[in-house]
2 protein chains.
Amino acid sequence: MTTAPTDTRYDQAVIEADPAVPAIHIWRDFAATPEQLFRAHTDPELYARWVGPAGSTVAIDRWDATDGGAFRFGDDEHSFRGCFHTVRPDRIVQTFTWEGMPDDVALETITFEELGDGRTRLHAFSLCDSFEGRDAWLRSGMEVGVNDGYAAIDRMLSDGTL
Amino acid sequence: MTTAPTDTRYDQAVIEADPAVPAIHIWRDFAATPEQLFRAHTDPELYARWVGPAGSTVAIDRWDATDGGAFRFGDDEHSFRGCFHTVRPDRIVQTFTWEGMPDDVALETITFEELGDGRTRLHAFSLCDSFEGRDAWLRSGMEVGVNDGYAAIDRMLSDGTL
């Protein structure tokens, strides 16, 4: 997996296609510790508060953020599910499917890297099984949910929720 | 995912690198129904009888072959674990890790295609996160366990175990 240059700042999410494999990279810096970002991704009540586009209300149907656990959540229109392969403070590996296309399964690796200045860099690496599937996902408008969700994390960090 | 030409016979496993993505294909035909191969991959007692190189004795530590379930198994030397993302009669999607390299996670899709002559074609598609990791796996001697395991399935089909 590519490591982003450390002199770059990602105050907004950068979403990029990997040049070699059918994967999407997302980089985003937060004024947070790795532990705060880990909780935002593993505590179901916190996760439901930030994930997805602004204005969506997400219900968690299943949640066991442990090695071999699983999750399912959704709003009125869309549901998503997957399993947690690895849940460690510095690394989450999980599968991810939009139930509208149940045979499209991504393998996501999310890491939290402390930058040493009170900020932590999130890197999400989402591996698809084809370049066509990856490119369709990039064209789907996914950046709206990504940007809105991460902005919600910023607010939860500011107001002490996280 | 590539579909193998239907006029080809795979009485022995064919193991191939995908030309485009960092994945390994395995094709193997069995004198079996899809349902028999599905049971061989989802019933823990049956799975322990065939998986791995000849002579290995595998113990199942964890097994829940349902959507969002998980597994762990191993012999005296090696343990493997993962989670089941999808478990359907025609399709199993699971993560897979050798615990000796816990951050190397493959996403495996196993399908069972009835050939119409009493035989069924197994196709396993194992997606890795890099070409280097995929190629290292191909060079690891994996074909021994694959061939021995599938020969054990042949015997279980012949003697009525499956």
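This is a predicted model: local features need pLDDT of at least 70, side-chain atom pairs count only at pLDDT 80 or more; totals for chains, interfaces and linings use all residues.
Set aside its neighbours within four places in sequence, and B:Ala31 is in contact with B:Gln36, B:Gly118, B:Arg119 and B:Leu157.

Which loop holds B:Ala31? It is the one between β2 (23-30) and α1 of chain B.

**Helix α1 of chain B**

Next, select residues 34-42 of chain B, helix α1. Is this helix mostly covered or mostly uncovered? Mostly covered: seven of its nine residues are buried. Colour the buried ones: B:Pro34, B:Gln36, B:Leu37, B:Phe38, B:Ala40, B:His41 and B:Thr42.

Zoom out and show both chains. Rotate chain A by 180°, with 0.0 Å of shift along the axis, and chain A superposes on chain B with an RMSD of 0.0 Å. That is the relation of a two-fold axis. The same surface serves both copies, since 100% of the contact residues of chain A recur in chain B.

**The interface**

Select the contact residues on each side: 31 in chain A and 31 in chain B. How much area is buried between chain A and chain B? About 2300 Å², with carbon and sulfur atoms giving 54% of it. In chain A, pick out A:Arg81, A:His85 and A:Asp129. These residues lose the most area to chain B, together 26% of what that side buries.

Now look for charged pairs. Six salt bridges are counted between chain A and chain B. Centre on B:Arg91 and A:Asp103, which form a salt bridge. Their closest N and O atoms are 3.4 Å apart. For polar contacts, the interface of chain A and chain B holds 16 residue pairs, both residues at pLDDT 80 or more.

**The strands behind it**

Switch to cartoon and select four strands of chain A: β5 (79-88), β6 (91-98), β7 (106-114) and β8 (120-127). Each supplies at least two residues of the side of chain A that touches chain B. Which element gives the largest share of that side? β5(A) does, with seven residues.

Finish by colouring that side of chain A by class. The side that touches chain B has 16 nonpolar, eight polar and seven charged residues.

Key
Residues are numbered from 1 along each chain as its sequence is written. Chains are lettered from A and ligands numbered from 1 in the order in which they are written. Side-chain values use heavy atoms; hydrogens and water are left out. Copies are superposed by least squares on the C-alpha atoms of residues with pLDDT of at least 70 in both. Contact means heavy atoms within 4.5 Å. Buried area is the accessible area (1.4 Å probe) that two parts lose on being put together, summed over both. A salt bridge is a side-chain nitrogen of Lys or Arg within 4 Å of a carboxyl oxygen of Asp or Glu. A polar contact is a pair of N or O atoms within 3.5 Å; within protein, one must be able to donate a hydrogen and the other to accept it, and residues adjacent in sequence count only if both atoms are side-chain atoms. Ala, Val, Leu, Ile, Met, Phe, Trp, Tyr, Cys and Pro count as nonpolar, Asp, Glu, Lys and Arg as charged, and the others, Gly among them, as polar. Buried means under 20% relative accessible area, exposed over 50%, partly exposed in between (1.4 Å probe, protein chains only).
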